[in-house]
Amino acid sequence: MTSKVQFEDETDLVKLLKQGNEQAFGVLYDRYSAMLFGILHRIVNDQREVEHLLQDCFVKIWQNINQYDPSKGRFATWLINIARNQAIDFTRSKYFSQKQKNQPLENLVHSIGANHAVQTMDETIGLAQLVKKLPESSRQIIEWMYFDGYTQQEIADNFKIPLGTVKSRARLALNTLRTFFSHQHNLT
């Protein structure tokens with residue numbers, strides 16, 4: 001009978017991974033695969049490709065685990081960066097570019113009514129301009145969240161901003177944008 005891998009925290013998991021412990025790798029996959037899948041999917045948005053990328057991501061983690069340095073950041077942040085870089089590299093590849101060009105028209109156009117499409121266009125025109133009117137600290141949070149795809153927790157971790165501050169700035173920015181947006185539509 002094989003013994004179950006025991007560890008108290010992330011530090012123990014990383015230690016076992018660096019020792020090449022395959023059971024620890026299974027624990028790593030169980031703990032982080034859903035999160036990494038979500039990050040990959042947010043960037044690539046193709047189920048089959050994301051599944052392949054997730055596999056490649058874990059191979060890269062396994063091969064490079066000795067490069068992880070806890071003094072430079074949390075383990076989860078290191079994993080997120082590997083996944084994000086993997087996805088970005090993929091979207092820059094010739095394969096992905098060609099695949100996007102060769103998509104059937106039906107895959108690119110959602111079957112929605114023309115009125116909805118026009119309404120959506122009207123609602124989004126000028127949004128980037130409105131975001132630029134926000135105070136710098138709030139604007140940056142909104143850009144990271146909505147244009148770069150970061151979660152509030154990722155912003156807090158990656159940019160060393162307290163999570164409560166990130167949430168407050170996001171809430172303030174969204175309320176300000178609502179005011180800008182409703183004022184803009186009242187003028188038309």
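## A tour of the cores and ring pairs

Start by selecting Ile61. Setting aside neighbours within four places in sequence, Ile61 is in contact with Leu28, Leu36, Trp78, Leu79 and Ile82. Keep in mind that this is a predicted model.

Now widen the view to the largest nonpolar core. It holds 29 residues. Which of them touch the most other members? They are Leu28, Leu36, Ile61 and Phe75. Colour the helices next. Helix H1 (10-18), H2, H3 and H4 each supply at least two residues of this core. H4 gives the most, with nine residues.

Move to a second, separate core. This one has nine residues, among them Trp144, Met145, Tyr150 and Ala170.

**Ring pairs**

Show the aromatic side chains. How many aromatic pairs does the structure hold? There are seven. Zoom in on Phe25 and Phe58. Their ring centres are 5.9 Å apart and their planes stand at 90°, so the pair is edge-to-face. Phe25 sits in helix H2 (residues 22-44) and Phe58 in helix H3 (residues 47-64). The pair links distant parts of the chain, 33 residues apart.

Phe58 is buried, with a relative accessible area of 4%. Phe25 is partly exposed, at 21%. The cut-off for buried is under 20%, so Phe25 does not count as buried.

Ring pairs link Phe25, Tyr29, Phe58 and Trp62 into a cluster.

Next, select Tyr32 and Phe75. These two form an edge-to-face pair, with 5.9 Å centre to centre and 85° between the planes. Tyr32 lies in helix H2 and Phe75 in helix H4 (residues 75-91), so the pair ties together parts that are 43 residues apart in sequence. Are these two residues buried or exposed? Both Tyr32 and Phe75 are buried.

**Gln86**

Stay in helix H4 and pick Gln86. Gln86 is buried, with a relative accessible area of 15%. What is Gln86 in contact with, leaving aside neighbours within four places in sequence? Select Leu40, Leu53, Asp56, Cys57 and Lys60 to see these contacts.

**Last stop: Lys160**

Jump to the loop between helix H10 (152-159) and helix H11 (163-187), where Lys160 lies. Check the backbone. Phi of Lys160 is near 55°, a positive value in a residue other than glycine. Bring the surface back. Lys160 is exposed, with a relative accessible area of 65%. The cut-off for exposed is over 50%, so Lys160 falls in that class.

How values were computed:
Residues numbered from 1 in each chain as written. Predicted model: local features only at pLDDT ≥ 70, side-chain atom pairs only at ≥ 80, totals over all residues. Heavy atoms only, no water. Phe/Tyr/Trp six-rings, centres within 6.5 Å; stacked < 30°, edge-to-face > 60°. Helix = DSSP H or I, 4+ residues; strand = E, 2+ residues; numbered from the N terminus. Buried < 20%, exposed > 50% of the residue type's maximum accessible area, 1.4 Å probe, protein only. Contact = heavy atoms within 4.5 Å. Core = buried A, V, L, I, M, F, W, Y, C linked by side-chain atoms within 4.5 Å.
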